[in-house]
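Here are my comments on the model you sent. Please read them with the structure open.

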Amino acid sequence: MIKRERIIRIISIFIILIYALLPWNSKNIYRIEFYIAPLYAVFLLFKPMLYAVPYKKPLNLLLELVDAAFIIFFSVFWNGTAFFPLYALFIIRQAMLFPLYFIFLSFILGTIYYAVSPVNANIDVMQMVTQLIIMIIPATMVCLVKNDVLYVDELNRSLNEKLHLKDSVITELQKYSDNMFSNNKKIEQVMKTDYVTNIPNRYYFEEILSNGIKRHKEQGFNMALLMVYIDGYTEYRKKYGYSAGHILVKTIADLISRSLKKNDYVARYEEDCVAVLMFNKDRDNAVYLANVLYADFTQIQEEQPELENVSLMIGVNDLTSAEDKRMLTVDRVQFINKISVIDFSNGSIRYNDR
């Protein structure tokens, strides 16, 4: 959206410089207002780089208040006639990024100044009202058109994701069909894969887990476990569809795979859970991977506002921590259920009775 308001921003900079430099007066350089205009132009130039995502964050609203303050200060102390075009363009720029209610709040702020400004004291009331209406109508139309464009873009993205997932399902089903007439080794590989997300399934995970537990008595051997539960997955899937839910799980699995070595395994353990086995690593290694995953997912949330109500609950464990010291055994069910959940608010680990 920032690219779409670039032209309006350039026009605003051009206008503020014209009002500041024309007509030229040698005494201008001794007035502080003369330097406010270039400062405001620089602010407009770099403001898009200061925006936080999503745009409803308080920092962005504060930037808009500073923008309005620049215009009002310049109009009061330098040139009152500059207020109308600058504020009109200011509201249109807002319409490119913010919801309609915020546009009206900014318009009300400008209206109050416009009504009490000494420069407008001699203007007929009807003329003033007409100017104010002219100022808000373009911004309202821009905001409504923007919302329609965003809605269409969201529908297109959702449709493309569903088509992509359907193509993936068809491809995987075709693999199943082809492998049914192939050798047993390929059939076995298909049986170990979650055909929707194309990552190993729970059956294969349980097999690798059992083999790892059998080795727990080997000297120097350890195996770390990472369980990633997607909180809010059911609500997300109901709102955006099964396709979006599967894509979300695949995205998280891909984020994990970036940091894994060849002998580590990631699998879809449940519909809303991704499990990871890390060989010759301990719980500290699992915690490190969890922090990397949490940071990567947070970045994706900022880019995709629809994930706002989705969060990750990540638990870790390892064979050394799960071993029954009295019997020197590891219970497979206890190994999974007695994970320690990471509290990302302060970086500590708290026990979970899951």
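**Notes on a predicted model**

1. Start with the polar contact between the side chains of glutamate 64 and lysine 47, at 3.2 Å. Keep in mind that this is a predicted model.

2. Where does glutamate 64 lie? Its place is in helix α3. Is glutamate 64 buried or exposed? Its relative accessibility is 2%. Buried means under 20%, so glutamate 64 counts as buried.

3. Which residues does glutamate 64 touch, leaving out those up to four places away in sequence? Lys47 is one of them, and Tyr51 is another. Phe90, Gln94, Phe98 and Phe102 complete the list.

4. Now take the helix pair. Helix α3 covers residues 58-77, and helix α4 covers residues 83-97. The two pack at an angle of about 170°. Their axes are 10 Å apart. Angles over 145 degrees count as roughly antiparallel, so α3 is roughly antiparallel to α4.

5. Which residues make that contact? From α3 come Glu64, Asp67, Ala68, Ile71, Ile72, Phe74 and Ser75. From α4 come Phe83, Leu86, Tyr87, Phe90, Arg93 and Gln94. By class, the contact of α3 with α4 has eight nonpolar, two polar and three charged residues.

6. Last, the cysteines. How many disulfides does the structure hold? The count is zero. Cysteine 143 has 0% relative accessibility, so it counts as buried. Cysteine 273 also counts as buried, because its relative accessibility is 0%.

Conventions: Residues numbered from 1 in each chain as written. Predicted model: local features only at pLDDT ≥ 70, side-chain atom pairs only at ≥ 80, totals over all residues. Heavy atoms only, no water. Disulfide = S-S within 2.5 Å. Buried < 20%, exposed > 50% of the residue type's maximum accessible area, 1.4 Å probe, protein only. Axes fitted to C-alpha atoms, helices over the stretch in contact; angles between N-to-C directions. Helix = DSSP H or I, 4+ residues; strand = E, 2+ residues; numbered from the N terminus. Parallel < 35°, antiparallel > 145°, perpendicular 65-115°, else oblique. Contact = heavy atoms within 4.5 Å. Nonpolar A, V, L, I, M, F, W, Y, C, P; charged D, E, K, R; others polar. Polar contact = N/O pair within 3.5 Å; in protein donor to acceptor, adjacent residues only side chain to side chain.
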